[in-house]
Amino acid sequence: MNKPNASSKKILVIGINFSPELTGIGKYTGDMVEWFVDNNYECTVITSFPYYPFWKVQPPYTNKFYKREVLKDGKLIVYRCPLYVPEKPGGLKRLIHEATFFLSAYFVLISLLFKSKNDYIFCIAPPFHLGFLGLFYRFFKRGEIIYHIQDLQIEAARDLNMLKSKRAFKILFAMEKFIMHKVDFVSSISKGMLKKISVKTNREITFFPNWVDTDTCYPIANSAELKSMWNFDADDKVVLYSGSIGEKQGIEAILDVAEQLKQVSFIKFVICGTGPHKDKLIQRAKQQQLDNVSFFPLQERHLFNSFLNMADVHLVLQKKSAADLVMPSKLTTILAVGGLALVTAEQGTTLYEVIKDNNMGVVIPPEDIDQLKAAIFNCCTSDNTEIKLNARDYAENHLNISKVIKRMMSNMQKTVYPEPKGITYLRLDRDAD
């Protein structure tokens, strides 16, 4: 595969989430930009101050208006824009939250019209309407727009009842369709999402999956010895949920199972992360006296690989209503450390198919407490060596950050692989460069 010629290329990235956020879309956008800079691209980023998943702007960025950061010896310029961040995000509050960022980012974009042009404009959705900012910039400065969809935001809001106005949804879908029709490339992170997007627009959709740095996330031998760092015994079986604690995940099920497995003393449950529902879970665990459940904050980068290796089972939970609308970002790091992923997904969804086809995890139906309980117990008492080896192998061959981004950039510079029904899948052959 030919390497992209990055000798004079400049990239503009517009996205509400970015480094130093450690989870979700911000992590992937930050990783992508860092890869671009390390590979001789010049990058400009328009983003917000880090707030996710805490839903509170984090120090040292508190009480700031606009902020310009010059990093990587001048190869990376980051413009941070003010926005409203609700402590308890709901449907209307999220709309206001995203609208304030759109407005503040618009003023930065105007200032960039008086600077040298960018060759590529990456618009990261959600928020879906950031595509309009990309179109505005291209109208004056040209360049090619990559509209990258991390979550199907409008469908998620509808199916999770975050908004209830049919008229509002009709308008939102029309706006999204206009954006997808006008940009140069539309990409997304899973085959299930690509199929759903292809129904909404008569154009090719590019497969641009989330990745993982397999050099910093890797299996550690004798991982049981790591458990003492987090006050567990070497013989304990740690069942870990790590990530955002919100509506899509259905994390309440962990407490239901923990209560039923109280008498199995060697199984310990860990919920790591933050989000709008964490306090409720903590209070419920106290009321139910669930001594087998521990809550941890997000772990620092230098501890994260050890923390993941410490766990025996990794939970990837979703509600039925979120099926194929989102692709859990936590799955990539679980696979990279050779972890045993216990995934809730319905048959026919992307999650179900990719796990089953590659024998790299355990899949059960979502929102079934009895099956979740049985699967956790079986995972904690069975030999899962083959599944763990398959997980690491898949990460190295299919999710390596350098391979994924090189494929994407090459895809934009030459003829894409033909695929049926208007969907373009970048090849992920094991022997591919």
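User: What makes strand S9 and S10 a pair, and in which sense do they run?

Analyst: In this predicted model, local features need pLDDT of at least 70, side-chain atom pairs count only at pLDDT 80 or more, and totals for chains, interfaces and linings use all residues. Residues are numbered from 1 along each chain as its sequence is written, and side-chain values use heavy atoms, with hydrogens and water left out. Two strands pair if DSSP finds at least two bridges between them; strands are DSSP runs (E, at least two residues) and helices likewise (H or I, at least four), numbered from the N terminus. S9 (residues 237–242) and S10 have six bridges in the parallel sense, so by the definition they pair. Within this pairing, Val238 stands opposite Lys268 in S10.

User: Why is S10 called largely enclosed?

Analyst: Buried means under 20% relative accessible area, exposed over 50% and partly exposed in between, with a 1.4 Å probe and protein chains only. Five of the six residues of S10 (residues 267–272) are buried, so the strand is largely enclosed by the rest of the structure.

User: What makes S11 and S14 edge strands?

Analyst: The open sheet has six strands in the order S11-S10-S9-S12-S13-S14, with parallel pairing. S11 (293–296) and S14 (362–364) each pair on one side only. S11 is joined to S10 by four bridges, with Cys272 opposite Phe296. S14 is joined to S13 (residues 341–344) by three bridges, with Thr344 opposite Ile364.
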